[in-house]
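Please look through the sequence and the model below before reading on. The paragraphs that follow lead from one pair of side chains to the wider picture.

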Amino acid sequence: MDTDAPGTVLKRERTRDAVLELIESRSPGDAIPSERALCALLGVSRPTVRAAVDELVAAGLLVREHGRGMFVAPAKITQELVSGDRALSVPQAAGAWSSRLLEFTTLQAGARVGRKLRMSPAAEIVYVARLRLVDGAPMAIEHLHIRAELVPGLSAQELESGDLYEHLRATHGVHVHEAVQAIEPTVVTRAEAGLLDVPELSPALLFERLTSDTTGRPVEYVHSLYRGDRYRIVSRLALGPAAEVAPDLEGHHPGIPPGDFAHGDPIASSTRGDIQAAG
């Protein structure tokens, strides 16, 4: 599969979202349509559907049973780690970060993304897929979904260089304030492995983040895949009162490129901690 072909990343993304929508509308143990039925329903090829299903099976959201079909997996157990206050200060990540744009388009939000951003499924979003690099080496694949009405004229240059949230503040008047982020382990698909330059089924970290502005309005939904061989999570828990310390104004939070949220805005995460380059 040509991972750089126009529309390839978007087609995989939309197929994955459609199957996720089916999963989220059912209960654990419920069956979902066969791959053949999904091809007809979604109007995509069998390899595209199989890649989406393989990813969701590897992520523990679907279960294949030989001779019976595919079923919604049992619900996951969630453990939330909470620090003593809501504001996180995190160390600067090593290396020089940059981006390579894979997809950049405007389209309808769809049911799943629309629900997360609290907008109509027919409303428009800017969809961005970008490869994040450190010192020129691929580190992560990010899928961004941003309310289109908030970012008229958003350019490819803004997405490939600098601090995205700084661009939103300075150019579009969007002041991000808070992010709720979930982190879980997964493995990479063949297409993702090609982009990240790792073997297929290599371990990875999946980040899902919903970012809101100062009024509480959802601005951006992101899910990102970080290489598991280059990152680790270290949780920092507040177990008692501590002396007041000045916040670190240069930081990097898991799933958020260096510089983003660097102005002291709070971040809430279902797994709190630092991500450090382990190269």
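Which side chains meet in a salt bridge with Arg112 at 3.4 Å, N to O? The side chain of Glu208 does so, where a salt bridge is a side-chain nitrogen of Lys or Arg within 4 Å of a carboxyl oxygen of Asp or Glu. Because Glu208 lies in strand E8 (residues 203-213) and Arg112 in helix H4, this pair ties together parts that are 96 residues apart in sequence; helices (H or I, at least four residues) and strands (E, at least two) are DSSP runs, numbered from the N terminus. Arg112 is buried at 6% relative accessibility, whereas Glu208, at 21%, counts as partly exposed. For these words, buried means under 20% relative accessible area, exposed over 50%, and partly exposed in between, with a 1.4 Å probe and protein chains only.

Some words on the model itself are needed here. It is a predicted model, in which local features need pLDDT of at least 70 and side-chain atom pairs count only at pLDDT 80 or more, while totals for chains, interfaces and linings use all residues. Residues are numbered from 1 along each chain as its sequence is written, and side-chain values use heavy atoms, with hydrogens and water left out.

The protein has seven helices and twelve strands, and of its 279 residues 48% are buried. Its accessible surface is about 13400 Å², with 54% of this belonging to carbon and sulfur atoms, the areas coming from the Shrake-Rupley method with a 1.4 Å probe and, for residues, only the protein chains shown counting as cover. Where contact means heavy atoms within 4.5 Å, 66% of the contacts between residues at least 6 apart in sequence join residues at least 24 apart.

The count of salt bridges comes to 19. One of them is formed by Glu21 and Arg115, whose closest N and O atoms are 3.4 Å apart; Glu21 sits in helix H1 (residues 8-24) and Arg115 in helix H4 (residues 110-117), so that distant parts of the chain, 94 residues apart, are linked. Both partners are partly exposed, Glu21 with a relative accessible area of 23% and Arg115 with 47%. Through shared partners, salt bridges join Arg16, Asp17, Glu21, Glu24, Glu55, Arg112, Arg115 and Glu208 into one network. A further salt bridge is that of Glu35 with Arg50, with 3.0 Å between the closest N and O atoms, and it links Glu35 in helix H2 (residues 35-42) to Arg50 in helix H3 (residues 46-58), 15 residues apart. Here Glu35 is buried at 9% relative accessibility, while Arg50 is partly exposed at 40%.

Just after H4, Arg118 takes a positive phi of about 55°.

Strand E8 also takes part in the one aromatic pair found in the whole structure. Phe207 and Tyr226 form this pair, which is edge-to-face, with 5.1 Å from centre to centre and 70° between the planes; rings of Phe, Tyr and Trp (its six-membered ring) pair if their centres lie within 6.5 Å, and planes under 30 degrees apart count as stacked, over 60 as edge-to-face and the rest as tilted. Because Phe207 lies in E8 and Tyr226 in strand E9 (residues 218-227), the pair ties together parts that are 19 residues apart in sequence. Phe207 is buried at 1% relative accessible area, and Tyr226 is buried at 0%.

The nonpolar interior remains. A nonpolar core is a set of buried Ala, Val, Leu, Ile, Met, Phe, Trp, Tyr and Cys residues joined through side-chain atoms within 4.5 Å, and in the largest one, of 21 residues, Leu102, Ile125, Val188 and Leu196 touch the most other members. The elements giving two or more residues to this core are H1, E4, H4, E5, helix H7 (190-196) and E9, with the largest share, four residues, coming from E5. Apart from this core lies another, of 17 residues, among them Leu101, Val126, Leu168 and Val222. Leu168 is placed in helix H6 (residues 164-172) and is buried at 1% relative accessibility. Leaving aside neighbours within four places in sequence, Leu168 is in contact with Val151, Gly173, Val174 and Val176.
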